[in-house]
Amino acid sequence: AILNPEGYTIHVHSDRIDISASACSGFFYAFQSLRQLMIRSLIDQRSYHITCCYIVDEPRFPYRGMHLDVSRHLYPVDFIKSYIDWIALHKFNFFHWHLTDDQGWRIEIKKYPELTRVGSKRIRTRRGHQNNPNPEFNDEEHNGFYRQDEIREIIRYAGDRHVQIIPEIEMPGHCQAVLAAYPHLSCTGGPHQVADHWGVFEDLFCAGNNKVYNFLEDVLSEVIELFPGKLIHIGGDECPKRRWKDCPKCQSRMHSDGLDRADQLKSCFTHRIYHILEKLNRRLIGWDEILEDDLPLDAVIMVWRNQDIGVKAARKGHDVIMTPSSHCYFDHYQADPQSEPLAIGGFTPLEKVFQFDPTSNIMDVDAATHILGGQGNVWTEYMPDTSDVERMVFPRIAALAERLWSPLNHRTYSDFYSALSNLQKQYEIMGIRYYCADYL
């Protein structure tokens, strides 16, 4: 019997199809499987004839996520809906929507209109790789954001497909777009501008200024009115501390709180945001740097640097989502960079994605129960067009889906690869543009 609410059985008879599940999500995934069988039949037999079979299927992990960064490049609402369709097709159940960063603020907050009037507009964008010593810029303005009514529409669309959306509002770093709109929230008072290139920036929210926490509580209050899911992502990564060391307000806060080092302010900052979200009946999730902030154990750790950090977090008692850059960053090159369009770096071919196991290096059963699953991340510094996103996501999304849904030793990479041409034909029928190369 299928006990997992996302699991199902399909029994295809000569004259009927029987589907069994314990919840609506199970029936939904059963229909996704039938849809794939029908497309496969159309490819093989040029008809919608499904061979008699019996399928028992359920996911290995409860969290199966795909991420999309819309701060660096904004994509139309229709594309976001298509992205959600693709997530659902591959039986992912979470969409991590990265809405804010240094290069643009993409969500309407009615109490703070400058966030979109100023923070959503980047006057130019750096061309070429970040490491180029002689930078050039595209002087076209990049702007735009999602209105609250558009976000509600997207959330409804995702809900109909059993996809929960996790919004990410970056803090205390990666906030140049905010500071451009409201410079008094920084340590220096500005002026600041929406970043026109990539990287980590020194300016961040002033940890000693109470107006920062009032502002963020207001923002998060509007965010949770839109997003019904329990999890709210606060970023928390790549946070330089030099501004805090030089800031009188931060130094005063350190003195009043009895802190010895400026980096301790990061923990104080994150704890305040944790309690704001707790008051709003939401659960904090952040990148793995927040593990250093000694948060309560119900904070979720999203691991991007390496899986050993996730093992440590799980053993401590935190729930963990594994998304290591070594296997799950779909902005990395898929083949020799000399033959590929420009990307941020790294090398994550299809086979490496297939080798991903969220529970690797975890020996104790108690810690393994805290590994909720994994996620593919799509950072878009070098993906200005929707076609770029498709080329970087497909078919790596299929390899990740296999690792998060199926039993660990369900099939080998050779098995998966042998079915790849059939999958690519399905993508073609659906109008999906995918990356094609000799993966072996």
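**Helix packing and cores**

I began with a helix contact: Gln36, Ile39, Arg40, Leu42 and Ile43 of α1 meet Asn422, Lys425, Gln426 and Ile429 of α17. I note that the model is predicted. By class, I find four nonpolar, three polar and two charged residues in this contact. Helix α1 covers residues 24-45 and helix α17 residues 420-429. I read an angle of about 100 degrees, with the axes 10 Å apart. The range for roughly perpendicular is 65 to 115 degrees, so α1 and α17 count as roughly perpendicular to each other.

Next I looked up α2 (residues 77-89) and α14 (residues 386-393). They pack at about 15 degrees, and their axes lie 12 Å apart. Angles under 35 degrees count as roughly parallel, so α2 is roughly parallel to α14. The crossing is right-handed. From α2 I list Phe79, Tyr83 and Trp86; from α14, Thr386, Val389, Glu390 and Val393. Five residues of this contact are nonpolar, one is polar and one is charged.

Then I turned to the cores. Which residues touch the most other members of the largest nonpolar core? I find Tyr83, Trp97, Phe205 and Ile273, in a core of 124 residues. Helix α6 (residues 210-226) gives the most to this core, with nine residues. Another core lies apart from it and has 13 residues, including Tyr63, Phe94, Met302 and Tyr329.

Last, I checked Phe205. Leaving out residues up to four places away in sequence, its contacts include Glu170, Met171, Pro172, Trp244 and Phe269. Val212, Phe215 and Leu216 are also among them.

Notes
Residues numbered from 1 in each chain as written. Predicted model: local features only at pLDDT ≥ 70, side-chain atom pairs only at ≥ 80, totals over all residues. Heavy atoms only, no water. Core = buried A, V, L, I, M, F, W, Y, C linked by side-chain atoms within 4.5 Å. Buried < 20%, exposed > 50% of the residue type's maximum accessible area, 1.4 Å probe, protein only. Helix = DSSP H or I, 4+ residues; strand = E, 2+ residues; numbered from the N terminus. Contact = heavy atoms within 4.5 Å. Axes fitted to C-alpha atoms, helices over the stretch in contact; angles between N-to-C directions. Parallel < 35°, antiparallel > 145°, perpendicular 65-115°, else oblique. Left-handed = near helix turned anticlockwise from the far one by under 90°. Nonpolar A, V, L, I, M, F, W, Y, C, P; charged D, E, K, R; others polar.
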